[in-house]
Amino acid sequence: MRTVNCSNGARSIAALAVIWFGTALPAAASQADIDLLQSYVGNWSGRGETVYSQTGKGETVACKMTIDTANVPSKLNYRGKCAIAGGVVNMNGTVAYVEQANHYEAVMTSNTPFKGTAIGKRSGNSLSLNLRDTTDTGEAYDISSSLTLKGDNIIVDFLVTNVATGDTISASVPFNK
């Protein structure tokens, strides 16, 4: 976890819901790695509920994304958006298998101040990515996020902690084709 600056907490939360894609550099991958990545090509939508620790209440997070094959089979491009708290977060990027590092890697760009890199490993027909934040703007939020690609589903879990108050915002957002 790392402390990041989030000028609008709700926008950053929505950005976390889609942190799994970005600008990773591709490398040669096994056919099984290529097949796993290619199984996620298509149109996806997800809906979940945030939970605010200080009130016990939450709000709906709704996301849509399109995943396409990139210029090499071990790399995917994506574009998407999430709606939360009356705002919209747009994001773009790629996810790839990086053979030199023996892992999957995804980095996101968005219309928020948040950016991050997710590192992942394969287990059977599933892929789990865990966020490593790369934003360093100084505000007191600890952010952690994970993504699991499993079969015909994508599940994004995240937790945002306000360092000053200890209040948290968490969510689990399942996606389907």
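Visitor: How many disulfides does the count come to?
Guide: The count is 1 disulfide, taken as a pair of cysteine sulfur atoms within 2.5 Å. This is a predicted model, where local features need pLDDT of at least 70 and side-chain atom pairs count only at pLDDT 80 or more, while totals for chains, interfaces and linings use all residues. Residues are numbered from 1 along each chain as its sequence is written, and side-chain values use heavy atoms, leaving out hydrogens and water.

Visitor: Which cysteines form the disulfide?
Guide: C63 and C82, with sulfur atoms 2.0 Å apart. C63 is in strand 3 (residues 60-69) and C82 in strand 4 (residues 75-84), so the pair ties together parts 19 residues apart in sequence. Strands here are DSSP runs of E, at least two residues, and helices are runs of H or I, at least four, numbered from the N terminus.

Visitor: What about its handedness?
Guide: The torsion about the S-S bond is about 110°, so the disulfide is right-handed.

Visitor: Is C63 buried or exposed?
Guide: C63 is buried, at 2% relative accessibility; buried means under 20% relative accessible area, exposed over 50%, partly exposed in between (1.4 Å probe, protein chains only). C82 is buried too, at 1%.

Visitor: Switching to helix 2: which of its residues are buried?
Guide: In helix 2 (residues 31-38), D33, I34, L36 and L37 are buried. They cover an arc of only 160° around the axis, so they sit on the same side of helix 2; the arc is that of the directions from the helix axis to the C-beta atoms.
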